[in-house]
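Biologist: I would like to learn how to read a structure like this one. Can we go through it feature by feature?

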Amino acid sequence: MKNISARALNIQASATLQTDALYKRMKASGADVVGFGAGEPDFDTADDIKEAAIKAIGEGKTKYTPPGGITELRAVIAKRLKTDCGVSYEPSQIVAASGAKHSIYIALQTLIEPGDEVIIPAPYWVTYTEAVKMARGIPVILNAPETGDFKITPKQLENAVTSRTKLFLICNPSNPTGMLYDKNQLQALAQICSKHDLYILSDEIYYRFIYDNKVFTSMASLGEEIKERTILINGVSKAYSMTGWRIGYTASNEEIAKAMENYLSHSTSAPCTISQYAAVQALQNEQDGVVAMRDVFNKRRDYITKRINAMYGVSCRKPDGAFYVMMNIERLIGKTLGNRLIQNSDDFALAFLESELVATVSCTGFGVENYIRLTYAASMETIKKGMDRLERFIGV
């Protein structure tokens with residue numbers, strides 16, 4: 001038989017989803033496994049959101065919708081962005097898709113030509129580079145070291161721009177680091193993008209989870225010129241614990257929004273109709289549940305970072321937002337743990353899972369070595385158990 005496409009062969013599987021799948025298989029088999037892998041809130045979807053979905057089914061709202069989503073959803077997204085982020089969009093500038101990951105994919109397919117370069121700070125979410133490659137673009141990786149709070153500098157961005165650069169991709173607050181670019185830092189990066197006529201893909205899916213009274217700034221709020229070249233990525237999966245409902249969205253200028261909707265019309269078409277009506281409820285209702293979830297995550301963040309930083313051989317920065325911790329394991333490289341020589345973060349993650357039944361994510365897939373990502377989107381009981389096992393594993 002003839003070969004499958006080189007493009008498909010060049011795409012790597014999602015490290016986070018692989019870890020989560022293994023964790024769930026082990027758990028289903030009866031193993032006492034602790035999961036720190038997938039970025040999925042452990043809270044249930046709120047009852048009023050579920051009821052909105054059931055009501056939609058009862059009312060026969062089960063047919064195709066416009067490719068970019070129902071008008072009600074696009075309108076309530078625009079209203080939420082205005083209220084929360086101070087940015088104004090018309091409903092026609094909002095395009096819903098089957099999750100924020102899908103929104104990123106569609107945005108890149110819409111914007112990137114073969115050979116276009118996309119600048120991505122590392123550590124980065126595993127899908128970014130693969131989605132760029134699927135669009136036949138070239139990921140250009142900028143290292144954002146821990147000493148700089150995992151944030152790139154304007155000079156780094158300036159030096160990375162070439163005649164082939166098309167887009168700058170940023171996640172704020174970051175998955176996997178949890179660090180937050182403030183308004184001044186974003187403004188400096190945005191000015192460089194404007195200078196070189198670059199698009200900006202700004203993934204703001206974690207914007208509702210910011211701690212220590214720090215202030216989130218949306219990239220599109222930095223002025224009309226920046227807004228015009230920015231594609232915001234967001235969704236309902238994290239803030240409303242609706243990961244399986246698969247509703248993400250973009251906000252952009254009219255030309256890009258229309259092109260994305262046309263692309264959707266010939267690929268997946270609209271996201272699940274019932275999920276769209278559920279998302280309307282989530283976005284328009286009182287946001288007390290989101291605030292309560294953030295406060296719980298804040299307590300878990302404080303606990304897990306304190307435990308990690310009290311152990312010999314590992315350390316972490318306290319994240320500003322999201323619900324992840326990047327654990328530095330550099331001092332453990334070359335040691336034998338769990339009967340396995342630890343030569344890199346992949347070895348650590350495998351040995352930890354084998355010997356202590358704790359699933360974590362090696363950050364090799366995030367573009368950096370000698371780090372492990374743990375999520376605190378898990379119960380405090382789970383976090384405590386996992387930290388106890390970590391202490392035992394590294395011999396504290």
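Biologist: Which residues in α12 meet which residues in α14?

Modeller: One caution to begin with: this is a predicted model. Contact here means heavy atoms within 4.5 Å. From α12 come K299, R300, Y303, I304, R307 and I308. They meet M380, I383, K384, M387, D388, L390 and E391 of α14. By class, that contact has seven nonpolar, no polar and six charged residues.

Biologist: How do α12 and α14 lie, parallel or antiparallel?

Modeller: Angles under 35 degrees count as roughly parallel. The axes of α12 (residues 288–309) and α14 cross at roughly 5° and come within 10 Å. The two helices are therefore roughly parallel to each other.

Biologist: And at what angle do α13 and α14 pack?

Modeller: The angle is about 105°, and the axes are 11 Å apart. That makes α13 roughly perpendicular to α14. On the α13 side, the contact has F348, A351, F352, S355 and E356. On the α14 side, it has G386, R389, L390, R392, F393 and I394. Six of these residues are nonpolar, two polar and three charged.

Biologist: Which aromatic pair links α13 and α14?

Modeller: Two rings pair if their centres lie within 6.5 Å, and planes over 60 degrees apart count as edge-to-face. F348 and F393 form an edge-to-face pair, 5.3 Å centre to centre with 80° between the planes. F348 sits in α13 (residues 345–356) and F393 in α14 (residues 380–394), 45 residues apart.

Biologist: How many aromatic pairs does the structure hold?

Modeller: It holds 14. One of them joins Y206 and F323, edge-to-face, at 5.4 Å centre to centre and 85° between the planes. Y206 lies in the loop between β6 and α9, and F323 in the loop between β9 and β10, so the pair ties together parts 117 residues apart in sequence. Both Y206 and F323 are buried.

Biologist: Which residues do ring pairs link into a cluster?

Modeller: F43, Y206, F209, F297, F323, Y324 and Y376.

Biologist: Where do charged side chains sit over rings?

Modeller: Look for a Lys or Arg end facing the ring. K227 lies over the face of Y89, 4.5 Å from the ring centre. The charged end of R331 sits over the ring of Y312, at 5.7 Å from its centre.

Biologist: Now the backbone. Which peptide bonds are cis?

Modeller: Omega is the angle to read. The bond from A122 to P123 is cis, with omega near 10°. P123 is in the loop between β3 and α6. The bond from N172 to P173 is also cis, with omega near -10°. P173 is in the loop between β5 and α8.

Biologist: Which residues other than glycine have a positive phi?

Modeller: Two examples will do. A322 has a phi of about 60°. A322 lies in the loop between β9 and β10, and it counts as buried because its relative accessibility is 0%. L357 has a phi near 60°. L357 lies in the loop between α13 and β13. At 26% relative accessibility, L357 counts as partly exposed.

Methods: Residues numbered from 1 in each chain as written. Predicted model: local features only at pLDDT ≥ 70, side-chain atom pairs only at ≥ 80, totals over all residues. Heavy atoms only, no water. Phe/Tyr/Trp six-rings, centres within 6.5 Å; stacked < 30°, edge-to-face > 60°. Helix = DSSP H or I, 4+ residues; strand = E, 2+ residues; numbered from the N terminus. Buried < 20%, exposed > 50% of the residue type's maximum accessible area, 1.4 Å probe, protein only. Lys NZ or Arg CZ within 6 Å of the ring centre and 35° of its normal. Axes fitted to C-alpha atoms, helices over the stretch in contact; angles between N-to-C directions. Parallel < 35°, antiparallel > 145°, perpendicular 65-115°, else oblique. Nonpolar A, V, L, I, M, F, W, Y, C, P; charged D, E, K, R; others polar.
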